[in-house]
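Work through the exercises below with the model open beside you. Try each task before you read its solution.

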Amino acid sequence: MTAVRPRPALADDDLIARLARVPADRIAVVAADRTLTFGALRAEAARIARRLAARGVGRESVVALGLPRGADLVSALIGTLTAGAAYLPVDPRLPAERRRQLVTDAAADLVVGGSGEEAATQVPFAELAAADGLDEDPAGPVPVPGDALAYVIFTSGSTGRPKGVEITRAAAAALLTELESPATGIVRPGPGRVGWNASPSFDASVQQWVRLCRGDTLVMIDEETRADPDLLVRCVEEQRLTDLDITPSHADPVIDRLAASTAPAAEGEGGPLTLLIGGEAISPALWRRIAGHADAGRLRAVNLYGPTECTVDATAGWIGADAAPHIGRPLPGLRARLLDEGLRPVPDGTPGELYLAGPRVGRGYRNRPGLTAERFVADPAGGAGERMYRTGDRCVRRSDGRLEYLGRGDGQVKLRGHRIELGEIRARLAAHPSVAEAVVVLVDDLHGAPGLVAYYRAAAPLTTDVLRDHLAARLPAYMVPSALVALDRFPTTANGKLDRAALPLPEPPEETRGSAADLPAGRAEELIARVWSSVLGVRTLTADSNFFKLGGHSLLAIKLVSRVKAELGVSLPVKTVYAHPRLRDLAARIEGALAEGAADGAGVRT
């Protein structure tokens with residue numbers, strides 16, 4: 001008689017193994033379209049896993065998920081991991097060429113949701129998730145070892161080609177274990193309600209969805225809500241969120257209202273709201289504001305730093321008035337080393353480049369062995385075969401052991417929480433046949449906020465509108481420069497190199513007026529023109545001026561609706577600016593709101 005070998009099981013701390021132990025009747029996902037219990041989520045994920053397996057998907061396969069942030073995305077993600085495969089997030093809001101490039105460069109085996117632009121076999125989500133009358137797979141999730149691939153997330157690349165970071169199952173599981181460790185105290189004991197606020201293509205989203213696997217409820221925050229301070233604060237209140245991941249740029253317009261509105265309601269649920277802040281450096285002014293609320297017990301706030309290559313979060317520092325801005329100390333799964341150019345440790349108080357070592361360091365860049373070898377280097381203080389990741393960030397270790405972030409040592413920048421290689425934007429600019437030379441810089445104060453400026457020398461007649469459209473078709477919106485400046489020649493140093501300090505600041509945009517009929521007319525148009533001129537730094541405007549073509553972006557849109565409310569008494573959702581970016585159209589929308597308020601016999605001021 002032949003003995004039947006038992007099917008191997010997942011490690012106890014594997015995320016899918018932990019997910020299987022959560023009570024079935026607990027709420028797992030809250031989204032605009034539907035709510036899922038953990039039992040329903042596991043059943044749907046099991047169906048998806050079976051159908052993926054039937055298509056040949058398994059360990060080391062990559063499944064591209066071209067789905068918006070919602071319940072379907074969560075089910076597809078968990079289903080992919082249940083099948084033993086890895087997922088690749090492909091935000092459907094990205095330009096088609098960008099989506100196609102990600103799917104192709106990752107060599108994805110399958111695309112769920114139809115965002116691969118025919119770069120790989122596609123299958124609709126509904127086809128994978130449809131009920132089939134079968135119970136959950138009695139065999140359970142496909143067992144894979146900890147070194148199996150969990151996901152691939154792309155970051156900006158300096159050569160014009162984004163690079164896909166490979167992270168393993170064990171590393172993703174360790175991230176959750178470290179966040180909920182009593183040594184860090186970041187995730188509190190007991191089930192929480194966590195907002196999924198990040199784009200699925202941004203690695204902070206991993207920190208959010210892994211919380212499911214410990215039994216927390218995941219609340220999906222849609223694009224309209226996350227872009228509008230009023231809606232975001234209301235969501236936090238109504239959904240009774242215990243944890244919210246947010247960038248400093250996103251936190252700045254809402255921090256005071258969050259502190260005022262959530263503290264009393266949350267006290268009975270284990271304490272005030274926890275803000276997990278990361279993605280870019282926190283300014284001293286914002287740090288002081290957050291610290292004031294944190295020290296008063298109105299919220300908890302932790303500053304998280306970490307590159308995608310080291311599984312999201314590498315260091316953590318609690319925000320308080322006891323210290324100037326810092327990124328804290330390494331989380332338990334990583335070791336931080338500050339080294340000089342010869343890879344020698346620098347003493348405390350001396351700046352050095354930050355290297356990260358430990359089990360959460362990623363595999364490397366997908367299908368990029370040369371780049372992997374350049375950034376993932378041998379760890380001279382580690383064991384045989386151990387590596388460390390060269391971050392490119394300069395830091396200094398203070399006397400209390402906390403790290404202070406000093407900035408980058410190369411052409412990478414952070415803007416509104418996004419990691420951007422300026423070289424990638426420059427390469428896209430230079431790819432236009434009429435561009436002879438190009439350079440991109442980050443300006444600290446562009447219309448009152450940091451922004452990207454592209455300088456170019458044209459080899460043939462070229463308008464900024466044409467060039468902007470060229471970039472918008474190839475890059476994510478956050479990588480399209482707010483200002484495009486044409487130069488006859490680039491300034492150089494005595495050595496003949498580009499003199500960045502001599503690049504002229506962008507002139508305020510000025511619209512060409514065809515006739516008097518083009519001028520803003522009427523109360524609403526004239527007031528909007530004045531507000532736009534202030535917010536955008538624009539000297540002249542026409543009724544056909546476009547907010548975003550003049551350098552507007554999400555943060556300026558928030559400022560715009562705030563000024564409209566203050567000056568006209570009209571409360572506009574931020575999405576109205578996106579739906580009506582032309583001055584005359586936005587003014588007509590405001591006139592309509594004023595007329596409705598007058599007809600109702602009540603003001604529209606809120």
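**The whole protein**

The protein exposes about 25,000 Å², and carbon and sulfur atoms supply 52% of that area. Accessible areas come from the Shrake-Rupley method with a 1.4 Å probe; for residues, only the protein chains shown count as cover. This is a predicted model: local features need pLDDT of at least 70, side-chain atom pairs count only at pLDDT 80 or more, and totals for chains, interfaces and linings use all residues. Residues are numbered from 1 along each chain as its sequence is written, and side-chain values use heavy atoms, leaving out hydrogens and water.

**Exercise 1.** State how many helices and strands the protein has, and what share of its residues is buried.

*Solution.* Start with the DSSP runs: helices are H or I, at least four residues, and strands are E, at least two, numbered from the N terminus. The protein has 19 helices and 26 strands. Next, take burial: buried means under 20% relative accessible area, exposed over 50%, partly exposed in between (1.4 Å probe, protein chains only). Of the 606 residues, 55% are buried.

**Exercise 2.** Describe the pair formed by Tyr87 and Tyr151.

*Solution.* Rings of Phe, Tyr and Trp (its six-membered ring) pair if their centres lie within 6.5 Å; planes under 30 degrees apart count as stacked, over 60 as edge-to-face and the rest as tilted. The count by this rule is eight aromatic pairs. For Tyr87 and Tyr151, the centres are 5.7 Å apart and the planes make 40°, a tilted pair. Now locate the two: Tyr87 lies in strand 4 (residues 86–89) and Tyr151 in strand 7 (residues 149–155), so the pair ties together parts 64 residues apart in sequence. Both Tyr87 and Tyr151 are buried.

**Exercise 3.** Classify the pair of Phe547 and Phe548.

*Solution.* The ring centres of Phe547 and Phe548 are 5.1 Å apart with planes at 90°, so the pair is edge-to-face. Check burial: Phe547 is buried at 0% relative accessible area, whereas Phe548 is partly exposed at 23%. Finally, widen the view: Trp532, Phe547, Phe548 and Tyr578 form one aromatic cluster.

**Exercise 4.** Find where Arg416 sits and which side chain of opposite charge is nearest.

*Solution.* Arg416 lies in the loop between strand 22 (412–415) and strand 23 (418–421). Lys and Arg count as positive and Asp and Glu as negative; His and the chain ends are not counted. The nearest side chain of opposite charge is Glu280, 7.6 Å away. A salt bridge needs a side-chain nitrogen of Lys or Arg within 4 Å of a carboxyl oxygen of Asp or Glu. Arg416 is buried yet has none.
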